[in-house]
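Trainee: I am new to this structure and would like a close look at one part of it. Please take me through how the parts of the chain meet.

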Amino acid sequence: MQNAISQTLSENRPLDQALLHILSHQNWEGFLSHQQVQQLCQQFKLDPLVLSMQLLPIAACYSHTDISHFHVGAIAIGEHGDFYFGANQEFSNVEIQQTIHAEQSAISHAWLRGEKRITDMVVNYTPCGHCRQFMNELYQAEKISIHLPHSQHNPLHRYLPDAFGPKDLDIHTLLLNQENHQLDENHPDKLVQQAIHAANQAHCPYSNSSHGVAILFRNGTIITGRYAENAAFNPSLPALQTALNYAYLNNLDLAKVERIVLAEKPEKLSYRGMSEQLWAMISKVKLEYIPL
């Protein structure tokens, strides 16, 4: 991924060299704080939206495309101006439904970093119907602007007219809102605690089947993933996918995982089998399962 980014950026372009400096010094994490965005915009006299367009080829470098070999990059812009990178993530030898779309990738990345509202979605290709429906689950989705290289400042409803969403099912807690499912996090194992904490923050208003994943790396780093459910069901994103996506976008080596835990309250659904299948294709480390 570092090589792909370095090859994408030009040695003769000052903006590219500034971006290379920032990303390399933060260990290639696919994220720019609003302070970094402001500094780059001031230094190169750019509007934030223009800068985000310049970043799309870099975001696409974070993709894994074993199936399609088609790289999609996305930038989710938070309410304070933070830039969250996203890219399509594909997994061979499992169901194609396990794929993460670039817009889902950027949104879940923002969610796991604590973002409360996404104002803009910048993508290098027109969002598919799957992603339009996923974005419709977001808090203040009606205010999101979608920007493409050939067309900017498009409201989501232009791409999803007469939409079906959470309000049609009388759901008022939306994706990115703070959630707590009151699961008991009191467990002697710290990693299990983290997995339960992630399950507590899951967005699952349709099934009430919350689950979360916690991954421990050999250097002591712990990341988590949470379930993101959708009113149309199929665009839902399992916790393992959000965790893997976060690892990819933050340059974490999955070959150096020491433990992984899935904590789940299997009310109407269970993601145990699907998660075990996908994880077994990635690592020999056994996925530990904790029913809640």
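Trainee: At which residues does UniProt place the feature "domain: CMP/dCMP-type deaminase"?

Mentor: The unreviewed UniProt entry places that feature at residues 47-167 and 186-292; such annotations may be inferred rather than shown by experiment, and the positions follow the numbering used here. This is a predicted model, in which local features need pLDDT of at least 70 and side-chain atom pairs count only at pLDDT 80 or more, while totals for chains, interfaces and linings use all residues. Residues are numbered from 1 along each chain as its sequence is written, and side-chain values use heavy atoms, with hydrogens and water left out.

The domain assignment, automatic or from a database, gives domain 1 (30-169) and domain 2 (190-291). Their centres, taken over C-alpha atoms, are 21 Å apart. In contact (heavy atoms within 4.5 Å) are 29 residues of domain 1 and 29 residues of domain 2.

Between the two domains about 2,500 Å² is buried, 63% of it from carbon and sulfur atoms; this is the accessible area (1.4 Å probe) that two parts lose on being put together, summed over both. On the side of domain 1 that touches domain 2, β3 (83-87), α5 (102-112) and α6 (129-135) each supply at least two residues. Helices (H or I, at least four residues) and strands (E, at least two) are DSSP runs, numbered from the N terminus. The most comes from α5, with six residues.
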